[in-house]
Amino acid sequence: MISDFTRQFPAFSASLGEANVRALVGAGSTVELPPYRKLIRDRMPVDSIYFLMSGEVSVSVEEGGNQIPLGNIGPGQWLGEISVLSGEMLASSTVTTVTAVTLLRLKHQAFEELLGRNEILAKAMLGQLINIMSDRLRVSLNAGNIAVTAADIEAPPKRVGLLWA
């Protein structure tokens, strides 16, 4: 799993270094799911961060009883990170397997323990999470999925269906 992780997450692995990749992978467990399984459900509790090692998943949000597709993602992506970053431990989207998938699952407790005892790992993981959020915002802005106005800055935050799990 260590060599697979390094291949799917090359920049992140480089920032971690070999010992920290081993620590991260060692703190997780492998999950394999068949196609068409819901891994994460919108607005439901989530207890883990997932690293997508192989396969493809679809991401969607539910608004007013309608499912709104956001797109598909493949290996080298994180899932479930919003739940731990927000502190709410709730999913911000639904993630469904499109193909058979292999994931590295890192429970939130293990994630917090790793961050608490290893400064290099903490900096690399938080830096990677910031990059993920920035990339997703940029993609949504470029796709026209979200427009920010001066009124939006003054108004209370609204769910925009931008953030993935």
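A residue counts as buried when its relative accessible area is under 20%. In this predicted model, 40% of the 165 residues of the protein count as buried.

Q: Why is Ser60 called buried?
A: Buried means under 20% relative accessible area. Ser60 has 6% relative accessibility, so Ser60 counts as buried.

Q: Where does Ser60 lie?
A: You will find Ser60 in strand E4, which covers residues 57-63.

Q: What makes the link between the side chains of Ser60 and Gln67 a polar contact?
A: The pair of N or O atoms has to be within 3.5 Å, with one able to donate a hydrogen and the other to accept it. The side chains of Ser60 and Gln67 are joined at 2.7 Å, so the distance meets that cut-off and the pair is a polar contact.

Q: How do you know that strands E4 and E5 pair?
A: Pairing needs at least two bridges found by DSSP. E4 and E5 (residues 66-73) are joined by 7 bridges, so they pair, and they run antiparallel. Ser58, for instance, stands opposite Asn72 in E5. The two strands form a hairpin with 2 residues between them, and Gly64 in the turn has a positive phi of about 55°.

Q: What makes E4 and E7 a strand pair?
A: Again at least two bridges are needed. There are 4 between E4 and E7 (residues 94-97), so these antiparallel strands pair too. Here Val57 stands opposite Thr97 in E7.

Definitions and conventions:
Residues are numbered from 1 along each chain as its sequence is written. This is a predicted model: local features need pLDDT of at least 70, side-chain atom pairs count only at pLDDT 80 or more; totals for chains, interfaces and linings use all residues. Side-chain values use heavy atoms; hydrogens and water are left out. Buried means under 20% relative accessible area, exposed over 50%, partly exposed in between (1.4 Å probe, protein chains only).
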